[in-house]
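Dear colleague,

Here is the structure that I promised to hand over to you, and below it you will find my notes on what turned up in it. Please read them with the sequence and the model open beside you.

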Amino acid sequence: VLFRSVTLSTAAHPCILAMAAPKIRIGFVVGKDNDAVEDPGYVGDTAFLADLPGEYRTHPETKEYGCSKADGGMAHADCAIPWWIKKNHGAECEIDIIRGDLDLDLDRLKSNDVNFIIGYDLINTMFEDNWRERKAKIGSALKDCGNIWPTWEVQEFIYYKSRYMQACQAAGIPMAPTIYAFQGDRSPVKLLAEIKARGWKQFCLKLSFSAFSLGFAIHSLEEVEKDPMILKEYFEEHEGYPEFICQELITGFKYNWETRCFFWNAEFQYAICNKAAVSSESGEEIISAGKSTQEPQPAEFIEAARKIGKAALATLPKQYNRHGAEIGPILFRTDIGCSDGEIHDKDFTWKAGEKTFFLNELEYGGTNYFTRHVPFDNIPLWGEHYFKKAVEVMTKGAPIPDSLALPVEVAEPAAVAEPAAVESTPKAAPAKAKAKGTTPKVVKTPGSAKARTPKSAAKTPKSAKAKTPGSAKGARTPKSAKAATPKSAKTPRSAKAGKSPKTAKTPKSGKAGKAAKTPKSAKASAKKGKATPKATPKSAGKRVGVSKPAAKK
């Protein structure tokens, strides 16, 4: 019996993963202080967090890490998820919780096989005192480590709002009327002129590399014309930000639901609907996540938001692992607004009184998961997703080492008649075969020997074919030669080349009926158990960009 090596995906064969490598080291970059798990609203069991160290818990007032549970330290979703993985997949992986403001640097990221941004990222540095220095350091680590997910290219696509917004506009995804003010090519006077030219009455300002509404401002055209210092002071205060996003104010936005859809691998997971505090009777933000104690989620809004969100994710840059295999989008959240008021932009045709859904924001792993608001335990959901994604990143498209290749049984090629010795080509014409289907076909063999093989003979490698001599009257192929080769049989590599064995000799006995010898090259290949050529992933060679993970042994 012959064996050959087969290239398989270890993602589909976790047992091979366990044999092939030590535990995967998975890093999680954390930094949340607003997504508490040990909260009365959380519906899951928090027992697994009983031994979570205080270094991963935040103080209820200062929001700083390093507060024990006994002292009121809170565990948030970004630390709870890796801790859940540790408890449920500890035999398969090692977890490294990296506090963004305390532990994050290039060496720490490189010490892991895979790293996920799940709480802290480059935007957080903008809130720190020495933000310029911190932004440079953290940005360099995220860019150069080569094993961060989402990749650096995808991160920048989100950090710079103009990139995903322009990509979505080009794809026909509805968005509010927008003006981009880029650093080095902006001024209060220029922006004001553009606002007037578009016909806006009210507008809002946002910052790229920002969160928690930092830099968000609403103004009317009338007030900034009366007081030019409003824009001038805004520009001076935020001069360090690479771009401003200026949009016409959508009046219906604050009165309608904003629908936030969570996706994994671009597949919908769940949605959160919320209304701004200014539109509620209580003066507090209203959140609807599906609990019976909350307002019902509007089906119309969920359906529209899912459709727009899915289309927006299609604009994301592609990600590839070190093996060249494409890795789908990780956790993304799309925030969808609704307009039903009057739009003044000269190029827009949205009608007052009609609902128009549009993309407002696009966020990724570091966003709020609304863990205490959903009617189900979302920690196991995200924990399982992140663990499986780590395995996918490490193994998708990877060839299995020869020492671990699974053997596949391949039947021995069927024996065929060995040609009798012929010193020269007979001058006399061979006798005609009377039986139908047994007329021999003449083919040249090495040297001067000529041989024939009946059509009914089983298929064999080209280099191993032998034929009955033309001078043998009515010679019939031995029964052993008629045995059909199983469909699973593979032609030896040497046979595929179509070459005849260099040392093939015509037997001295000249007797027909002996089994043809298997070519030496085929036997050698079989004995050594050589693997078939490993398939190169279709995406191999594609440019991953600065974020393509570096190869690891």
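Serine 279 counts as partly exposed, because its relative accessible area is 25%, and the term covers what lies between buried, which is under 20%, and exposed, which is over 50%, with a 1.4 Å probe and protein chains only. Please keep in mind that this is a predicted model, in which local features need pLDDT of at least 70 and side-chain atom pairs count only at pLDDT 80 or more, while totals for chains, interfaces and linings use all residues. Residues are numbered from 1 along each chain as its sequence is written, and side-chain values use heavy atoms, with hydrogens and water left out.

Serine 279 lies in the loop between strand 11 and strand 12, where strands (E, at least two residues) and helices (H or I, at least four) are DSSP runs numbered from the N terminus. If residues up to four places away in sequence are not counted, serine 279 touches Lys254 and Tyr255, contact being heavy atoms within 4.5 Å. Lysine 254 is 25 residues from serine 279 along the chain, and the C-alpha atoms of the two are separated by 6.4 Å.

**The strands around that loop**

Strand 11 (residues 267-275) runs antiparallel to strand 10 (residues 258-264), and seven bridges join them; two strands pair if DSSP finds at least two bridges between them. The two form a hairpin with two residues between them, and asparagine 265 in the turn has a positive phi of about 55°. Within this pairing, cysteine 261 has alanine 271 of strand 11 as its bridge partner. Strand 11 also pairs with strand 12 (residues 286-288), again in the antiparallel sense, over three bridges, and here asparagine 274 stands opposite isoleucine 287 of strand 12.

**The cysteines**

How many disulfides are there? A disulfide is a covalent bond between the sulfur atoms of two cysteines, and the rule used here asks for a pair of cysteine sulfur atoms within 2.5 Å. By this rule the count is zero. Cysteine 273 is in no disulfide, and the nearest cysteine sulfur, that of cysteine 261, is 7.6 Å away. Cysteine 273 counts as buried because its relative accessibility is 0%, and cysteine 93, with a relative accessible area of 4%, is buried as well.
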